[in-house]
Amino acid sequence: MFSKEDSKKIRQEFWTTFGKEYPRKWLLYNTKIKDVTLKFTFTTKKAQVSIDIEPDDKLIRAYYYDRFLSLKAIISTDFLENIIFEESYELENGKVISRLYVELPKVSIHNKSTWNDTMIFLDQHMDKLETFFLEYKDYIKA
């Protein structure tokens, strides 16, 4: 078990190492669509690459989720075949969002022996997710 301070240091070390190993400017929050972001997640149980739809207004969230859902065949066939669509995804803080994601289970940010596989997963899958997003952004935004 790690203290909060130790866990924070490990997390910082992972993300610093990831940034040095895969130096590029990721799209992430700069999608130009309010409340739609691309995210990296790495916890003590899993790693995820996702598109998060987070507006407080449920109608706006449903609108964007439906736009992505209409592209499900394309993203599943041409970009990320194992992508999961969840209209109601609960975050650790209790907030409910819509999330499209791919996941690498059984890895831990606290276990450095899983870091290399996780970094490869994050890089390859975010690259594909960004490519998809940029190609269909105008449709999603419309």
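What you are looking at is a predicted model, so local features need pLDDT of at least 70 and side-chain atom pairs count only at pLDDT 80 or more, while totals for chains, interfaces and linings use all residues. Residues are numbered from 1 along each chain as its sequence is written, and side-chain values use heavy atoms, with hydrogens and water left out.

**Salt bridges**

A salt bridge here is a side-chain nitrogen of Lys or Arg within 4 Å of a carboxyl oxygen of Asp or Glu. By that rule there are eight salt bridges. Here are some of them:

| Pair | N to O distance |
|---|---|
| Glu130 and Arg24 | 2.3 Å |
| Glu54 and Lys39 | 2.8 Å |
| Lys95 and Glu54 | 4.0 Å |

Take Glu130 and Arg24, whose side chains meet in a salt bridge. Glu130 sits in helix α4 and Arg24 in the loop between α1 and β1, so this pair ties together parts that are 106 residues apart in sequence. Helices (H or I, at least four residues) and strands (E, at least two) are DSSP runs, numbered from the N terminus. As for exposure, buried means under 20% relative accessible area, exposed over 50%, and partly exposed in between (1.4 Å probe, protein chains only). Glu130 is buried, at a relative accessible area of 5%, whereas Arg24 is partly exposed at 36%.

Glu54 has a salt bridge with Lys39. Glu54 belongs to the loop between β2 (46-53) and α2, and Lys39 to strand β1, so the pair ties together parts that are 15 residues apart in sequence. Both residues are buried. Glu54 also pairs with Lys95. Lys95 is partly exposed, at 29% relative accessibility, while Glu54 is buried with a relative accessible area of 15%. Through shared partners, salt bridges join Lys39, Asp52, Glu54, Lys95 and Arg99 into one network.

Back in α4 (residues 115-141) you'll find Asp123. Asp123 is buried yet has no salt bridge, and the nearest side chain of opposite charge, Arg24, is 4.9 Å away. For charge, Lys and Arg count as positive and Asp and Glu as negative, with His and the chain ends not counted. Leaving aside residues up to four places away in sequence, Asp123 touches Phe18, Tyr22 and Trp26, where contact means heavy atoms within 4.5 Å.

**How α2 meets α4**

The axes of helix α2 (residues 58-69) and α4 come within 10 Å and cross at roughly 125°. Axes are lines fitted to C-alpha atoms, for helices over the stretch in contact, and angles run from 0 to 180 degrees between N-to-C directions. The two helices are therefore oblique to each other; angles under 35 degrees count as roughly parallel, over 145 as roughly antiparallel, 65 to 115 as roughly perpendicular and the rest as oblique. On the α2 side, Tyr63, Tyr64, Arg67 and Phe68 meet Phe132, Phe133, Tyr139, Ile140 and Lys141 in α4.

**Two lysines with positive phi**

Lys32 has a phi near 70°, a positive value in a residue other than glycine. Lys32 is in the loop between α1 (4-21) and β1 (36-42), and is exposed with a relative accessible area of 55%. Lys106 also isn't a glycine, and its phi is positive at about 60°. Lys106 lies in the loop between β4 (96-105) and α4 and counts as exposed at 80% relative accessibility.
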